[in-house]
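Thanks for asking me to look this over. Here are my notes, as numbered points, to read alongside the structure.

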Amino acid sequence: MASSQSFPSGVPRPRPTSFPPNPNPIPPPPPFASASLPDAMQNLQIAGPRGPPPSPSARPGPPPQTIPGRPAVPPQPSLASRPLPPPPPPPLPSPLTTTNGPPEFGPGAPRLPLGPPATPPVPQGAPPFSASLSAGLPMGVPYGAPPTSLHPRGGPPPSSQPFGGLPASSQPYGVPPTGPQLYGSTPSQQFAGLPQPFTAPPATSPPFGPPMWLTQPAGAPLTSGPMQTPPGMLGVPPHTTSQQLPPALPVMNLMPLAGAQVSTPSKIDPNQIPRPMPSSSVVFFETYLGNQVTIPPPATNECIVRDTGNCSPRLMRCTMNQIPCTGDLLSTSSMPLALMIQPLALPHPEEEPIQVVDFGESGPLRCSRCKAYINPFMRFIDQGRQFICNLCGFTNETPRDYYCNLGPDGRRRDVDERAELCRGTVEFVATKEYMVRDPMPAVFFFLIDVSMNAIQTGATAATCSAINQAIVDLPEGPRTMVGVATFDSTIHFYNLKHSSQQPLMLIVPDIQDVYTPLHTDLIVALSECRQHLELLLNSIPSMFEKNAVAESAFGAAIKAACLAMKPTGGKLLVFQSVLPSAGVGSLSSREAEGRTNVSSGDKDVHKLLQPADKTFKTMAIEFAEFQVCVDIFLTTQSFVDIASISVVPRTTGGQVYYYYPFSALSDSGKLYNDLRWNISRPQGFEAVMRVRCSEGLQIQEYSGNFCKRLPTDVDLPGIDSDKTIMVTFKQDDKFQEGAECAFQCALLYTTVYGQRRIRVLNLSFPCTNVLSNLFRSADLDAQFAYLLKQAASGIPTSPLPQVQEQITNTCVNSLHSYRKFCATVSPSGQLILPETLKLLPLYTLDGWRKLLLSCGDFIIFCFHLSSID
Amino acid sequence: MSEFLDLEVQDGVRMAWNVFPGTKQEATSCVIPVAALYTPLKPIPTGSVLPYAPLRCRMCRSILNPFSVVDYANRNWICPFCFQRNHFPQHYYSISEDNLPAELFPQFTTVEYESAPEAAPTTPPVFLFVVDTCMIEEEIGYLKSALSQAVELLPEKSLVGLITFGTYVQVHELGFGQIPKSYVFKGSKEVTKEQLLEQMNFFVRKPMPNVGVIAGPRDGLSAESIARFLLPASECEFILNSVLEELQKDAWPVPADERASRCTSTALSVAACLLGVCVPGSGARIMAFVGGPSTEGPGSIVSKILSEPIRSHKDLDKGSAPFYNKAVKFYEGLSKQLVHQGHVLDLFACALDQVGVAELKVAVEKTGGIVVLAESFGHSVFKDSFRRIFQSNDYDLGLSFNGVFEVNCSKDIKVQGIIGPCASLEKKGPLCSDTIVGQGNTSAWKMCGLDKETSLCLVFEIARKDGPDAIGQPTNNQFYLQFLTYYQHHEGQMRLRATTLSRKWVAGPGCLQDLVSGFDQEAAAAVMARLVSLKMESEADFDPIRWLDRSLIRLCSRFGDYQKDNSSSFSLSPRFSIFPQFMFNLRRSQFVQVFNNSPDETAYFRMILNRENVANSVVMIQPSLISYSFQSGPEPALLDVTAIAADRILLLDSYFTVVLFHGASIAQWRNAGYQNQSGHEAFAHLLQAPRDDADAIMKERFPVPRLVVCDQYGSQARFLLAKLNPSVTYNSDNPPPPGGDIIFTDDVSFQVFLDHLQRLAVQ
C-alpha cells in the first residue's frame, strides 16, 4: 500500500508498486487525516500559472491564436519535426535521453507485460528532482489524461471536479510537454514537445486555453477517422505513428496538472511517472498469512502461490482486499466491488496442485441453509459438534463421520490434513446428485467453411491441416469423440463410422429448417476413426477445390451441428470465412451502411456493434441447453458481422478468434497454435457456476461468456483455463468492523476424462470502516479489468464518447474520492494518487485507446478475458 | 372362338361383341358393354416396321388404312371415318392396285411406323432406384444383391440413379468421385422441384431463371449437373456397388412399440422431382422398393404406434382409415406430376405387412408402372420378376416409354373411357361420350410406361339412334375404329402403331343371332371383371354380387333359349355357354371377394388384372386345372372339388399362384422315394411332368407367380381348395368318392348357382 516515506525521496518509492506489498508493510496504516497523508501518496504539484499554451501547435486546425504564439512553427509539422530536439529542458537532458522508458512506454502501454525496460531510471531522476519531486511526479499526471474526456463535454464542470481544488482550468493546457513524452513513440518527439512551452509566452496561455477547450470538438475530426470525432479520441494517437502526433498534442493540452512543469522544465521527470514494473523475479505469495489477508501481487508478475486459506488470486481476485462495512462507504470510495473469477486458471508449474476431496456417497459437506460448501472459514464450535457457516452464519450440526475434536487453538485438530479446511481451493468429487445424466464424453465437432471464398483464400486448407495436426493433442481414450462437417450453401456431414470403408458424405440441403442426417456415426470416438478423419481432412480441400458456391449457410450449419451434438453436448469449433448469407441466421452486409453512417456522423453508429437480430441469441440459448460450447475462428478477408456472430460464443461460453485479413501464408501457424491450445488447454464441460457471499452483500450481476437461465446460476457449456467471469456486488447491509466477509464460488463441471467435479474457490476479507484502508487494499488489476469490461459491454449500446466518459469518470471519481477524503491537506495543485491505484489513470488511458482503435476499425473489442486479468 | 384368337393375333384386340349392336337401345339391352381389350405393343406377326411417316386424313387426322377407299386413277383416298377425300402426296404417286404401300395391304390392319432416327435423338432410358432401408439386415441383403445384379443387366447406356430412404431421404450423388456422397432430405417434409433445384446446387454456376423453370438441359441445366445423379450404367457400376455395399438398416432408433419411420411418399416425391429436374419428357422409371408401411410424410398409411393396426377393407368401407384419403390425394398429385413429366413409377412391395399399395395404386397405374407384391425380397416372386425386367430374351417385357394412345372411330361410336394403365390427356372432342368409365372424357391418353403385355380396356358407347333411316343402309353396316399408339421403343426410337378395325353392326329384330355369333365370352368376362373392380373402387355402396348377378340374368334372359317360366327349358348358345361359369368364378374371385385379402393385395390383383390381356384375365377369374395321372396324360380337369383324387397330381394355375397338388397316394409314394428307384421311371415322369409345365408357366409370366407345392390334406392345400367349385362340402348329401376331398364352406356350388340362374332368367 501507500508508502509514506517514499514521498520525500519520492523517486524510489513510487516504483515499488511492482513489488508485492508485503515487502514494505507499514504496520500502522496511516490514519485518515494524519499529517503524513501527503506522504502516503504521490503528490503532484502543479504550477498553475505556468501553463504555457504550446498546445496550439498540437491542434492543427482550430486555434488561430496559436499562431501568434509560435509564428515560426506550423502546427502539425512543428510537432512532428525533429528540429527541436536539441532544446531539452536543461536539467533533464541526460536522464531523458538515457531512459527512453517513458516514450516507449506510451505505445507499449496497452500491452501491460511490455512495460518499460527493467532498467530502473530511478536513480537518475531522483537526485536532481528531489526538490521538484512534486513536479517530477506530474509525469503521472498524464495518466490523469482521462479528464480529457471531460472536455468533449465542453465540460469545465466535470473536468474540474476531480481536481476540484485546481485553480485554473486553463492550466491544463500547460501539460503538453508531458504529453508527448508519454505518448510519443520516440524520444525526439518528446523533445519536440518540450521546447514549445518555452516558445510560448506564459501570458498567452490564458487566452489560449479556453478556445482550445471549446474548439476541440469541432476541430478534431480532421485527422482521424470519423469515429474519433470526440476530442478525447483525438487525444489518443490512434496509430501511434509519429506523424500523427498532432492529434496527440491536444492531450497534452488537456493535462491540467502538468502545466506547471512547462515553466519549470526541471521538474519534469519522466522517471517519476508511475508505471508498471513487473519484476523479473518470481514472487512467492501466500494467500493468507497469520490470520491476515495478504494483498496479491499484480497479475503481471510471475508468482508462485501457496494456498493457505484464500484461493489463489489467479483463480479469483477481488477489486479490494478489505470490504467496506457499509454501502455508503463503498459508494464514497467510488470503487467497484467485483470479483474476477477464472476458475480453471493455469497454475504455476511449481504450485501445489489443487487437491481433490472425495466425500463418498454423501457428497461434500454443505451448510444446510445456504448450501455453501465446507471451507477453511467455517468455524467449528461446541467441541467440533457444530459449525457455523461463514456465509450465512447458520449453525450446522457436524455429521457424525465428519466429527473431530477441537484443539486448544479452537481449530479442529485435523485441519491440516483436510484440504477443504485449510485450502482456499479444493475440488470435490461430485456424487450422482450433481448429475442430470452421466458425465458427457469430451466431444469436439469441427465445422469448416468450404464456400468458394474459403477455398480460394486457402482458409479451408489451413483449417484442415490445423485440425489434422491438432487432433494429436486431444485427450486420449475412448471418451474423446470427434465429428466433422463442412458447409457452403448446404451442410455436409461425414459418417466416420469405423466399419465403413471410407467416410460418407451426407448433405443437408434444407438450410431453412435444418436437421441432422444421421442419428449415430456423425460423432465417433477419436480412437476409432482416426484414419478416416485424417483421410477426410486431407481430402476436403481437394474435394471442394472447384466449389463454385459462394453462399455460406453459417447459421444453419451451426444449428445442424448442434443438433448432431444434442445428445452429448461438447465443443463446436467453427471455421468461418465469409459473411453468413444463406439460410437461418443469414446476415446482410451492414458494413456499407455502417460506413455511410459513420461518415455522416450518424449517432447510431454503435448499432453496428449490436447483433443484427435475435436469431443468433435464440439459437445460442438453445445450444447452451444442449451443453454445446461454440468457438468461432474467423479466417476472413471481409466483413463478417462479428457483432451478430459473436453472440453465439458469448452465450455458450466460447470464444472468437479473428484472423483479419486472413492470409494462408502467415496465419496458418497461428491458427494451428490457437486451435491446439483451444482443444488441449485444461477445460471442462456442462458446467454450472454459482457465487455465494456473506450476508450483507448481494450479487448484482455476472458478466462474461455464459448463458444464464436461473438468476443465481451461470451455465457454462464449456469452461476453460482462459475464461474469466466477473461478478459485481452491491451492499445491502452493514458489516461489523473487523468482521470477515466471505465469497465462495462453486463450479460444477465435467472434466475431459468424464469426472464430475465441484471446484470451490473461497475468499475471505476483513471488513473495514476506514476509507483509506479500502484504498490501501484496492486491487488495481481487478479494478482495471472491471473498468475495461464495463466499457466493452457498454460500447455496443451507447455512443463511444459516452463510454469513454464513463471509464474516465469511474477512474476520476475514485481518485477524487481519495483526494477528497483521504488527502485533504494536500496542496491544491497536486494530483494525489493512492499507492495501490497509482497506475489506474495510465491503465485507463491505455484501455481507452485500445477501445478506440478497435472501434475505429469496426473490430469488436472481444473480451479476451484472460488477457485483461 | 378361334376366329377371335386369330383376330387377336393380327391386331392385339379382343372385343366382347364382334358384331356391334347397331343402336343405342340395342346396345343397352346387350347388358355387356361394347368394349375392346387392346394390347398396343403385342408383337405383330407381320413384324415389319414402316420406315416412313404415316399418311393422315386432313380432316380427322386418322391414318391411311386398308379400309380406306382408294381411287387409283385420281390418286386420292377416302377416309372411312369422316369420308373426307384426301390426295396422295408426291411420293405415293406410283400407287396402283398392283403397287400398294404396306399400310393398304388388307391383312396389314396393324402397322407400325418408325420416324426417321435423326428426327428425335434417342435418349437412353433412365432407371432411378428408390430403396427402402427400414428393413431387417437380411431383407436389405437380398435387395442389395438383386440391385447389383440388375445393374449388371442394364443396357450400358441407360442412366442410373439411386435414392435410399428411411426416416430421411438420401439422394446419392453417384457422379461424385471421391467419397460416397448423398443429399439428405427430411422425411416429413415435402420438397418441391424448385427447392430441389436450389438446394442441390443445380444452378450454381449460372443464375436460375426467375420464372418458368421446367428444367432439364433445355432450361440451361448443364449436362454435368445432371450427370452428378444420373450416370450411365457402365460408368457407375463400381460406385453404385460400393454405395450398396455400405447400405445399412436405417440407423434412427425405433422404440419397441413403434413402427419404423419410413417416408415412402417423400422419397417418391423427391425422386419424381429429381427426374423432373434432370430428364423431363424422356423415358425414365422410378423403381421403388418398399419393405413396409409408410409412416412418415404426406403419404403415410398408418401411424407409428404399433398398437394401431393398418387399415383393412372394413376400415375403408366404414371410413375409419384416417390416413387413407390424404395419402391417396398425395399420390394422385404425384401421378399427375409423373404423367406430366412422362415418367413411370414401378413398385416392388415386399413385406409380410401391407406397404400401402392401395394408396400407391393410382400413381403406379396412371403411369403404367410395374407392380410386384411379394412376401420378401428374398422370395422368388420378387427376385425372378425383377430379373425378368432387365433380362433380354424371348420373354423380355419390351419396356417402352412415353406412350400416347389415341382413338378414332366412326361417328356413331363414342368412347366412354379406358380401364387400364393410362392417364387421360384431357383431349376432348366429339367422340367423347358423356358417360365416363375409367379414364374418360378424352380421346387421347398418356401411357408413360407400357410393355408388350399392357392391355387397355376401351369401353364404347353406341350413339346411333334408332330411326327409320337407320335400318335401310345395308351397304354401309360397318363401324370403323382406329387405335394409334405413339411410344418410345425400348431401343430408343419413337414409333407409331396404328391398328384399324372394322366391325359389322346389326340392328332390328332379326339381329339377335348375329350378335350371338359375335359374342366373345372370354373377352366379356375380362371386361366384366375390370368393370366390377372399377365400380367397387369408385362407387360408394356398390354391391358387386348383386350387380354381376343381375347382369348375368339379364344377359341370359335376352340371349338364352327358353320357354317363359320353364326353367328346365333353358339353354344357351355355345357362344355363351361358359359365361355363367366365368361369372360364378368372378363372384368368388379375389377381385370381388375382398374378405380375407388386405387392401394392398386387392389393389395389387386389380392392377394386374387391369393390365393383362384376355387370356390371362380369364385365368385370374377362372383358374385352369390340369390333371396328371397314370391313366391318362395331362388333361384339363373341371375346376371342381371332385377333380381331386388320391392318385392324381393337379396343377392349378390361378395366375398369381401356381399350385402343384399331389394326391394322397402320390404323396406317399413320393415320400417313400419310389421315383428314385429303377422300375418306377413312369412315376418319376409323372412327378416331373406337372413340374415342367409349372416352370413353363412361370417362365413366361410377369410378375412371376408364386409356386405352391402341396399334398392332399396338407395345410398348403388350401390354395387349391379355395379355387375349386364346392360341389362337395361338409354338409353335402353325397359323400366324396374314396380318395376325394370335401370343402368346408357354405358357399353355393356352381350347380346351385346355375339352377337359380335358370329359374330367374326365364321369368
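Are B:Arg14 and B:Asp520 buried or exposed? Both B:Arg14 and B:Asp520 are buried, where buried means under 20% relative accessible area, exposed over 50%, and partly exposed in between (1.4 Å probe, protein chains only).

1. Some ground rules before the details. This is a predicted model, in which local features need pLDDT of at least 70, side-chain atom pairs count only at pLDDT 80 or more, and totals for chains, interfaces and linings use all residues. Residues are numbered from 1 along each chain as its sequence is written, chains are lettered from A and ligands numbered from 1 in the order in which they are written, and side-chain values use heavy atoms, with hydrogens and water left out.

2. Back to the opening pair. The side chains of B:Arg14 and B:Asp520 form a salt bridge at 2.9 Å, N to O; the term stands for a side-chain nitrogen of Lys or Arg within 4 Å of a carboxyl oxygen of Asp or Glu. This pair links distant parts of the chain, 506 residues apart: B:Arg14 sits in strand S1 (residues 13–15) of chain B, and B:Asp520 in the loop between helix H13 (512–517) and helix H14 (521–538). Helices (H or I, at least four residues) and strands (E, at least two) are DSSP runs, numbered from the N terminus.

3. Chain A as a whole. It has 35 helices and 28 strands, and 62% of its 869 residues count as buried. Taking contacts (heavy atoms within 4.5 Å) between residues at least 6 apart in sequence, 77% join residues at least 24 apart in chain A. The accessible surface of chain A is about 29,900 Å², with 56% belonging to carbon and sulfur atoms; such areas come from the Shrake-Rupley method with a 1.4 Å probe, and for residues only the protein chains shown count as cover.

4. Salt bridges within chain A. A:Arg690 and A:Asp713 meet at 2.6 Å, N to O. A:Arg690 lies in strand S22 (residues 683–693) and A:Asp713 in the loop between strand S23 (697–703) and strand S24 (714–720), so the pair ties together parts that are 23 residues apart in sequence. A:Arg690 is partly exposed at 28% relative accessible area, while A:Asp713 is buried at 11%. Another salt bridge joins A:Asp409 and A:Arg411 (3.5 Å, N to O); here A:Asp409 is exposed at 53% and A:Arg411 partly exposed at 41%. There is also a salt-bridge network linking A:Arg412, A:Asp414, A:Arg418 and A:Glu420.

5. Where the chains meet. The contact takes 23 residues from chain B and 30 residues from chain A. About 2,400 Å² is buried between them, 54% of it from carbon and sulfur atoms; this buried area is the accessible area (1.4 Å probe) that two parts lose on being put together, summed over both. B:Ile179, B:Val184 and B:Glu246 supply 22% of the area that chain B buries against chain A, more than any other three residues.

6. Charges across the interface. The rule finds 3 salt bridges between chain B and chain A. B:Lys189 forms a salt bridge with A:Asp510, with the closest N and O atoms 2.6 Å apart. On the side of chain B that touches chain A, strand S11 (168–172), strand S12 (181–186) and helix H6 (233–246) each supply at least two residues. The largest share, 6 residues, comes from S12(B).
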